[in-house]
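I opened the notebook to log one model, entry by entry. Each entry records what I looked up and what came back.

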Amino acid sequence: MTLKINLDAVLDRIYAESAWRAAHRNDVYTLTPDNERMLSIKVGQGLNELLARMAGYVTAWNYNPNLLQDNILLNLKLDGDGLDEDILQGDITEALAFYALLQFYGEQDTYYGTGWRKHRAHIMLLLCRPSVQ
């Protein structure tokens with residue numbers, strides 16, 4: 001299975017969460033497309049953290065923030081084909097967004113850290129689930 005994830009989807013999630021946060025607190029810096037390079041580095045760090053946990057399932061991967069689409073490619077070796085790719089892609093997108101937000105808004109680990117750990121755990125549960133025959 002090859003998963004293709006667009007960095008823009010991760011960044012859009014980050015921008016939306018940051019805008020919501022800034023709308024409710026005056027002292028919060030809003031992350032915008034001007035911060036794209038910094039955020040893409042944080043997303044790459046989150047991907048490395050995730051890949052370390054997914055190592056038993058990943059046969060090849062690539063992260064290239066300079067591409068227009070499909071910036072993150074993951075080739076996975078899974079037992080069976082009962083896994084819903086859309087759910088896995090969504091969880092990876094959310095996990096990477098929460099990781100970047102955690103790195104930027106670190107004082108709120110109770111929310112962003114929990115989101116990162118929740119999606120990371122869900123990814124692993126999806127991967128280790130036996131196939132449906």
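Which residues of strand 3 lie on its covered face, and which on the uncovered one? I looked this up in what is a predicted model. On strand 3, residues 72–76, I found I72, L74 and L76 on the covered face. L73 and N75 make up the uncovered face. I noted the background too: in a regular strand, side chains alternate between the two faces of the sheet.

**Entry: partners of strand 3**

Next I checked what pairs with strand 3. Strand 1, residues 2–5, pairs with strand 3 in the antiparallel sense, and I logged four bridges. Within that pairing, L3 stands opposite L74 of strand 3. L74 is also one of the residues on the covered face.

Strand 2, residues 58–63, is joined to strand 3 by five bridges. These two strands run antiparallel. Here I found Y63 opposite I72 of strand 3. I72 belongs to the covered face as well.

**Entry: T93**

I then moved to T93. It sits in helix 3, which spans residues 85–104. Is T93 buried or exposed? Its relative accessible area is 13%, and the cut-off for buried is under 20%, so T93 counts as buried. I also asked what T93 touches, leaving aside neighbours within four places in sequence. The contacts are I5, A9 and V10. I5 falls within strand 1, residues 2–5.

**Entry: the whole chain**

From the N terminus on, I read the order as β-α-α-β-β-α-α. The radius of gyration is 15 Å, close to the 14 Å that the globule rule gives for 133 residues, so the chain is as compact as a globular protein of that length. Along the principal axes, the C-alpha atoms fill a box of roughly 55 × 30 × 20 Å.

I looked up burial next: 41% of the 133 residues count as buried. For contacts between residues at least 6 apart in sequence, I logged that 66% join residues at least 24 apart.

**Entry: surface and charge**

The protein chain exposes about 7400 Å². Carbon and sulfur atoms supply 51% of that area. Last, I checked the charges. I found 12 positive and 17 negative ones in the chain. Their mean positions are 6 Å apart.

Key
Residues are numbered from 1 along each chain as its sequence is written. This is a predicted model: local features need pLDDT of at least 70, side-chain atom pairs count only at pLDDT 80 or more; totals for chains, interfaces and linings use all residues. Side-chain values use heavy atoms; hydrogens and water are left out. Buried means under 20% relative accessible area, exposed over 50%, partly exposed in between (1.4 Å probe, protein chains only). Contact means heavy atoms within 4.5 Å. Two strands pair if DSSP finds at least two bridges between them. The radius of gyration is taken over C-alpha atoms; the globule rule is 2.2 Å times the number of residues to the power 0.38. Accessible areas come from the Shrake-Rupley method with a 1.4 Å probe; for residues, only the protein chains shown count as cover. Lys and Arg count as positive and Asp and Glu as negative; His and the chain ends are not counted. The place of a charge is taken as NZ of Lys, CZ of Arg, CG of Asp or CD of Glu.
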